[in-house]
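Reader: I would like to learn how to read helix packing and a chain interface from a set of coordinates. Please take one feature at a time.

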Amino acid sequence: MKRKRTDFILHLISEVAHFVLDADPSRMVISLHQEEDGLHLAIFDDRPRKPEELESIRKSLEHQERPELAGYYGSMAGYDSLGSARLNLVGWQIKAATVSDTGSGTQIDLWLGGERFDPEQFTLGNKNT
Amino acid sequence: MLEREEKRLYGLMYILLAGFFLAGLLVQSPASVSAGLVKIQIHPARLLNDFTLVGGEGAALVNAAIVAALGLALTRISKVRLSGPTVSAVFTIFGFGLFGKTIFNVIPIVIGVVISARIAGKSFREYILMALFGTTLGPLITTLGFETGLPFLPAMAVAVAGGIAAGILLPSVAMIMLRMHQGFSLYNIGLTGGFIALFGAAILTASGAAPGSSLVWNSAPSGLLVYLVPVLSAVLIIAGLLGGAKKTVKDFLNILSLPGRLPSDFMSSTSIQGSLINMGVIGFLTWGYVILVGGDVNGPVLGGIFTAIGFAAFGKHPKNSWPVVVGVIAACLLFGKDLSAPGPLLAALFCLTLAPIAGEFGWIAGIVAGFLHLTMVERTGAWHLGVNLYNNGFAGGLTATLMVAVIEWYRSSREVIPK
């Protein structure tokens, strides 16, 4: 089971990193915080984006109840080596995502977990910390 | 709760399937349709058996409408969104219900996929597309049930068990195949089914039960079959335009700019109305091609056109499709093949599985893909004894894998970071 979880996380990181690298940043930071029933993945880069670009990323990552796509085509996430990255492959498999302008670049936060999972429990990404 | 637009789409699908069903009953008497339906269930379903000749055009339409309705019902029961992927699946099932899929031979595959989902600890909703498209292996069940020479009951047991086993294998193989061509072949289950069918064919051959090839081709289709597609295409375009002509046309033009690589749900990413226009346009274009080359608009050809129409909601559009067709035509002309002969005609329709190659890498790559596809598809059917209905999906998947491998090798072998 641990192997399965590790593989899953690796593929999500790979797809999002693919997306970030497509924009040719000079800096990319990936941060992972795991809990038993969920995890938080944060990816930062130093590439400022226009509001419409951020909106497009948000739309791609917007959580949609598409089990038929997540269970089949979602398995392609992180495997692509040709063409552009596809954040919707990630969007079908996560619980929530936030995309923000850090002033010097972009921050993408992905939240994954089961029904009991509460992102507020995390210190990273928690507005109070 | 279904969204309003999805409800309307369901309504359109119900009307279309009911229309096909009633059309079948109009051209043949109910008694004749019943007899034809029974004949279709027990007749070899391998490539290429045109049900419009086996049981009559009416029985074939009724069979196709029933199997497609089963697919639609499965989508509704599973509470999966009716959108590009599921619409394409229902249209594809209808098309192949005219030459291979039967009420009898699709159910064991679905049961197998249900079992596979349970084994993997997933919900069936996550595997539903593999179950719907996986009915490509229906002829395997019919072959085991009616062509092995076994007594009736043992033959039925072997057929059902074989179908369930194939269904169990489908999801695991489908995901690996998807990674091979990276979504550049739309009919991924065609590649998957072909791969599994290679083993099925090998077992049949080893046991001495391999059936010979067959070709049942309706060369004198009635006006009903000939004019079914333009009527359907007009209905789809009108249904699309009802959502507001200006916005719908704009959405259709937006679709033309998409590469179409799997999974490209045009209905979700653009709009249902724009996708319906695209479906209608693809319907007219593919039908026009068949008429232009003097092809027969029979069961298999309608199967090709319906599949193209369905996938116009899920990856293909005129702009990424034409180069692949040109490639097939070029190969036919070079090798002296008749464009209206069954093989080249079906290849020109089903080659659209490779549309994303043209969409992503340009029209030259698309033409090369179409050219290679024609040469491959003429060979692959024999490899699996015709038990994989999506033979063009099999050949297309192999072609896409070759092209992806070469392009990836070329790109990755060049020095990218200065030493």
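Reader: At what angle do the axes of helix 14 and helix 16 of chain B cross?

Author: This is a predicted model. The axes of helix 14 (residues 272-292) of chain B and helix 16 (residues 318-334) of chain B cross at roughly 15° and come within 12 Å. Angles under 35 degrees count as roughly parallel, and helix 14 of chain B and helix 16 of chain B are therefore roughly parallel to each other. Their crossing is right-handed.

Reader: Which residues of helix 14 of chain B meet which residues of helix 16 of chain B?

Author: From helix 14 of chain B come N278(B), V281(B), I282(B), L285(B) and Y289(B); they meet P318(B), S321(B), V325(B) and I329(B) in helix 16 of chain B. Sorted by class, this contact has seven nonpolar and two polar residues, with no charged residues.

Reader: How is the size of an interface often given?

Author: Often as the accessible area lost when the parts come together. Here, chain B and chain A bury about 2300 Å² between them, and carbon and sulfur atoms give 58% of that area. R179(B), R261(B) and P263(B) supply 25% of the area that chain B buries against chain A, more than any other three residues. In residue terms, 33 residues of chain B are in contact with 23 residues of chain A.

Reader: How many salt bridges are counted between chain B and chain A?

Author: A salt bridge needs a side-chain nitrogen of Lys or Arg within 4 Å of a carboxyl oxygen of Asp or Glu. The count between chain B and chain A is one. The side chains of R66(A) and D265(B) meet in a salt bridge, at 2.8 Å from N to O.

How values were computed: Residues are numbered from 1 along each chain as its sequence is written. Chains are lettered from A and ligands numbered from 1 in the order in which they are written. This is a predicted model: local features need pLDDT of at least 70, side-chain atom pairs count only at pLDDT 80 or more; totals for chains, interfaces and linings use all residues. Side-chain values use heavy atoms; hydrogens and water are left out. Axes are lines fitted to C-alpha atoms, for helices over the stretch in contact, and angles run from 0 to 180 degrees between N-to-C directions. Helices (H or I, at least four residues) and strands (E, at least two) are DSSP runs, numbered from the N terminus. Angles under 35 degrees count as roughly parallel, over 145 as roughly antiparallel, 65 to 115 as roughly perpendicular and the rest as oblique. A crossing is left-handed if the near helix is turned anticlockwise from the far one by less than a right angle, and right-handed if clockwise. Contact means heavy atoms within 4.5 Å. Ala, Val, Leu, Ile, Met, Phe, Trp, Tyr, Cys and Pro count as nonpolar, Asp, Glu, Lys and Arg as charged, and the others, Gly among them, as polar. Buried area is the accessible area (1.4 Å probe) that two parts lose on being put together, summed over both.
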